[in-house]
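Okay, thanks everyone, I'll keep this short. Have a look at the sequence and the structure, and then I'll walk you through the aromatics and the core.

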Amino acid sequence: MPGYYEVWLINPTTMQMFSVGTLGDGPDALLPLPSNVDLRSYSVVDVSAEQYDNKPAHSGDSLLRGTLTG
């Protein structure tokens, strides 16, 4: 089934998450963040496999997850 990859920021304390965009076919992606995002709170980045199903929530299928440092 065709789909796409979506990038999420997650607050590990509350598990609140929001999408910052989708990845294209190229090797690089520029995903601008809203100026009010506190990366000290949203310190986890997740890439999920998504289906074209009109469901905006995370699919539950995480392919990659890491913590922002610095």
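So, which residues make the nonpolar surface patch of about 390 Å²? It's Y5, L23, L63 and L64. Keep in mind that this is a predicted model. Y5 sits in strand β1, which runs over residues 3-10. Its relative accessible area is 43%, so Y5 counts as partly exposed.

Now to the inside. The largest nonpolar core has six residues, namely V7, L9, V20, V37, Y42 and V47. Take V20: if you skip its neighbours within four places in sequence, V20 touches V7, W8, L9, L31, P32 and L33.

On to the rings. There are two aromatic pairs in the structure. One is Y4 with Y52: the ring centres are 5.1 Å apart and the planes sit at 40°, so we call that pair tilted. It ties together distant parts of the chain, with Y4 in strand β1 and Y52 in the loop between β3 and β4, 48 residues apart. Y4 is partly exposed at 22% relative accessibility, while Y52 is exposed at 60%.

The other pair is F18 and Y42, and that one is edge-to-face, with 5.1 Å centre to centre and 75° between the planes. This pair also links distant parts of the chain: F18 is in strand β2, Y42 is in the loop between β2 and β3, and they are 24 residues apart. Is Y42 buried or exposed? Its relative accessible area is 14%, under the 20% cut-off, so Y42 is buried. F18, at 22%, is partly exposed.

Technical notes: Residues numbered from 1 in each chain as written. Predicted model: local features only at pLDDT ≥ 70, side-chain atom pairs only at ≥ 80, totals over all residues. Heavy atoms only, no water. Patch = residues over 30% accessible without salt bridge, like charges linked within 9 Å, V, L, I, M, F, W, Y side chains within 5 Å. Areas by Shrake-Rupley, 256 points an atom, 1.4 Å probe, with all protein chains shown as cover. Salt bridge = Lys/Arg side-chain N within 4 Å of Asp/Glu carboxyl O. Helix = DSSP H or I, 4+ residues; strand = E, 2+ residues; numbered from the N terminus. Buried < 20%, exposed > 50% of the residue type's maximum accessible area, 1.4 Å probe, protein only. Core = buried A, V, L, I, M, F, W, Y, C linked by side-chain atoms within 4.5 Å. Contact = heavy atoms within 4.5 Å. Phe/Tyr/Trp six-rings, centres within 6.5 Å; stacked < 30°, edge-to-face > 60°.
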